[in-house]
Protein chains: 2
Amino acid sequence: MLLNGQPSRTLWPAAAQDAVTVLDQRALPHRIESVVLHTVDDAVHAIAEMVVRGAPLIGVTAAYGLALQARVDASDAALERAASQLKSTRPTAVNLAWAVDRMLAQLLQRKPMDREATAWTVAAQLADDDAAVNERLGVHGVTLLRSLAQRTPGRPLNVLTHCNAGWLATVDWGTALSPIYHAQAQGLRVHVWVDETRPRNQGASLTAFELREQGVPHTVIADNAGGHLMQRGQVDAVIVGCDRVTGCGDVANKIGTYLKALAAHDCGVPFWVAMPLSTLDRSLRDGMAEIRIEERSAREVTHLTGRTRDGTTVEVQLVPDGTQACNPAFDVTPARLVTGLITERGVVPATREGIAGLFEERRPGAH
Amino acid sequence: MLLNGQPSRTLWPAAAQDAVTVLDQRALPHRIESVVLHTVDDAVHAIAEMVVRGAPLIGVTAAYGLALQARVDASDAALERAASQLKSTRPTAVNLAWAVDRMLAQLLQRKPMDREATAWTVAAQLADDDAAVNERLGVHGVTLLRSLAQRTPGRPLNVLTHCNAGWLATVDWGTALSPIYHAQAQGLRVHVWVDETRPRNQGASLTAFELREQGVPHTVIADNAGGHLMQRGQVDAVIVGCDRVTGCGDVANKIGTYLKALAAHDCGVPFWVAMPLSTLDRSLRDGMAEIRIEERSAREVTHLTGRTRDGTTVEVQLVPDGTQACNPAFDVTPARLVTGLITERGVVPATREGIAGLFEERRPGAH
């Protein structure tokens, strides 16, 4: 997608295959900066500290982390240690483990001397696959928007999204925002309600930033406002991304997603989840009982970083001294509240049958 | 309630009856400051700029605003102009119009020369009544908490609240927090989940501040987190305040309340609204259609004030330059999601019949 008017991805491997540059998402929206990862430890740090974030992007970054490891020591033990280190950074998004396990399986099949070259090839393939999958999500998702837009002639379609499941959460295109970008390319008028997404404000900082870069009309709202807008008919659809989806269609996604799903259900607004198949964890049946929810630092709630009038970036404290906070980073939206899953193979119901249909030779549930 | 360990109210008329001092709620939690109101324009400004806020407190502040007007010109025209100016500051909370109309009716009955003295007496009575009413809310509300606590022996009762409906939103005691303070006084262990309440962060700044001052255990959470905590059984009850309640029990309250009510309903958690009768607007039947929702400045969403490490208070920008925002300040929770209304006359169902029962000679619905 566009960054300063130029096509860009969120990460770029060096031609010499000795480093990977990533866009530093902590500096956005106020500064465009990048960070160069030279070692697997750099990759672990980038994921844990959310220099990169978003389920698909942390998967691809971890794959490159393994490639960086293969450069210096491609033994079974070193790769397995690096894989386990990478997987332990963030527990909720399944794409991370999915990408690392795929890489590891392919590398361990090969002789150690061939592993470095293979690692860079496979990581690059995962990155390209992510972009291609997300483009397909957009192709399928935009058909849903087109059909809704027939009911709202003469005004833009209003789509609400939570957190950032856009280009910046992936290698390219985004998941939840890919249908929006496809709509824009097709001349379908769309306006996006952007949940600011406390506590880390990925909506206010990242989604607003990337929509502005692509020229998509949007309005930032407090996370509290979405239900009210739905009650008043000002939201035509909700589209969110996801970090792990069970075989029954329960969706782990950024904290607060469940509240928006409840409001959409109460107000008769379609609630779609953009789900690359890499985010599916068919080993799980019960999202509430089985998905581990990452608990992050209380400081993300009690403090916040922004830009002062003179252009410097500062951290400010929001609460009285000594105040405790609690910071679960994800929640689980039960499948009963999800209208459908937008995947690279089509849109299916968030049910065991709908999901199983994605893996059949002919997929009756998909369109 | 306690401020720096000393009993205090949120506003204090001067003994000379020529000014009113109010606690400046914009400076909290980082600084304890007050503002002296000398004229009705000062009172209008204090309400509009949220130096004082909270439905009961803006009502009493407006009453004192009329008293300040009566000092300089107690003619019908001057009082009516001041009343209309005060009532136009904030449209959603009905207590404001209720207090101003009560004052005006009493003043216009009297001769202009008697009006000034009457005004100060009536305003003081409204302030005392507010404190007394809120104390009664606590007496009735704590019986609900006691009965819930029987089901959770051996651990504190977890109560979630949204925004600030505590002491700082009233003259004394608070509405939603009054049952908490009564529980504390009775030795019932309570822990409060404090929604930070974007965009103005009344929870993180005011509720956390006043709970700390009274020594009540509490934890601040992002507004997004409450649904997740309810899903996991970590919330035993929700208690919120209100700004206007219809005769059918629909509740206008701080933006985001509706989302918490949906989650409470979905998770089987009781959702109570602390409602002094002054917040009831029996002229309305349909909250969604009839209650006017105040739209506030976009800047409250795009910018935020906090304290830097060196102790200064600064405003920071959260979004990319040029980002639009939308800021509805209240939403309407339909009566079907409200477990009960806690009033000074008892707890009643949020139904036409329940509310009517409050005004019968014998009140079968109340306890």
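**Figure 1. The loop around A:Ala16.** In this predicted model, A:Ala16 is placed in the loop of chain A that runs between strand E3 (11-13) and strand E4 (20-23). A:Ala16 counts as exposed because its relative accessibility is 58%, and the cut-off for that class is over 50%. Its C-alpha atom is separated by 16 Å from that of A:Val40, a residue 24 residues apart from A:Ala16 along the chain.

**Figure 2. Helix H2 of chain A.** Helix H2 of chain A covers residues 55-72, and its 18 residues reach 27 Å from the first C-alpha to the last, close to the 26 Å expected at 1.5 Å a residue. The helix is mostly covered, in that 16 of the 18 residues of H2(A) are buried.

**Figure 3. Helix H4 of chain A and what covers it.** Helix H4 of chain A, residues 94-108, has 15 residues and spans 21 Å between its first and last C-alpha atoms, close to the 21 Å expected at 1.5 Å a residue. Which residues of H4(A) are buried? They are A:Val94, A:Asn95, A:Leu96, A:Ala99, A:Val100, A:Met103, A:Leu104 and A:Leu107. An α-helix has 3.6 residues a turn, so residues three or four places apart point the same way. The cover over the buried residues of H4(A) includes helix H1 (40-48), H2, helix H3 (76-87) and H5, together with strand E10 (244-246) and strand E13 (280-281), of chain A.

Figure 4. A:Asp130 lies in helix H5 of chain A, which covers residues 112-149. Is A:Asp130 buried or exposed? A:Asp130 counts as buried because its relative accessibility is 9%, where the cut-off is under 20%. Leaving aside residues up to four places away in sequence, A:Asp130 touches A:Pro56 and A:Val60, as well as A:Thr170, A:Val171 and A:Asp172. The C-alpha atom of A:Asn164, 34 residues apart from A:Asp130 along the chain, is separated from that of A:Asp130 by 16 Å.

**Figure 5. The surroundings of B:Gln214.** B:Gln214 is found in helix H7 of chain B, which covers residues 202-214. With a relative accessible area of 10%, B:Gln214 is buried. When residues up to four places away in sequence are not counted, B:Gln214 touches B:Met1 and B:Leu2, and also B:Trp167, B:Tyr181 and B:Gln184.

**Figure 6. The contact between chain A and chain B.** The contact takes 64 residues from chain A and 64 residues from chain B, and the area buried between the two chains is about 5,000 Å², of which carbon and sulfur atoms give 56%. In chain A, the residues that lose the most area to chain B are A:Asn224, A:Gln231 and A:Leu259, which together make up 14% of what that side buries.

**Figure 7. Polar and charged pairs between the chains, with the elements of chain A that take part.** Six salt bridges are counted between chain A and chain B; a salt bridge joins B:Arg307 to A:Asp321, with the closest N and O atoms 2.4 Å apart. The count of residue pairs in polar contact between the chains is 28, both residues being at pLDDT 80 or more. The elements that give two or more residues to the side of chain A that touches chain B include helix H7 (202-214), helix H8 (226-231), helix H9 (257-267) and strand E15 (313-317) of chain A. H9(A) gives the most to that side, with seven residues. By class, the side of chain A that touches chain B has 32 nonpolar, 18 polar and 14 charged residues.

Methods:
Residues numbered from 1 in each chain as written. Chains lettered and ligands numbered in written order. Predicted model: local features only at pLDDT ≥ 70, side-chain atom pairs only at ≥ 80, totals over all residues. Heavy atoms only, no water. Contact = heavy atoms within 4.5 Å. Buried area = accessible area lost by both parts, 1.4 Å probe. Salt bridge = Lys/Arg side-chain N within 4 Å of Asp/Glu carboxyl O. Polar contact = N/O pair within 3.5 Å; in protein donor to acceptor, adjacent residues only side chain to side chain. Helix = DSSP H or I, 4+ residues; strand = E, 2+ residues; numbered from the N terminus. Nonpolar A, V, L, I, M, F, W, Y, C, P; charged D, E, K, R; others polar. Expected span 1.5 Å × (residues − 1). Buried < 20%, exposed > 50% of the residue type's maximum accessible area, 1.4 Å probe, protein only.
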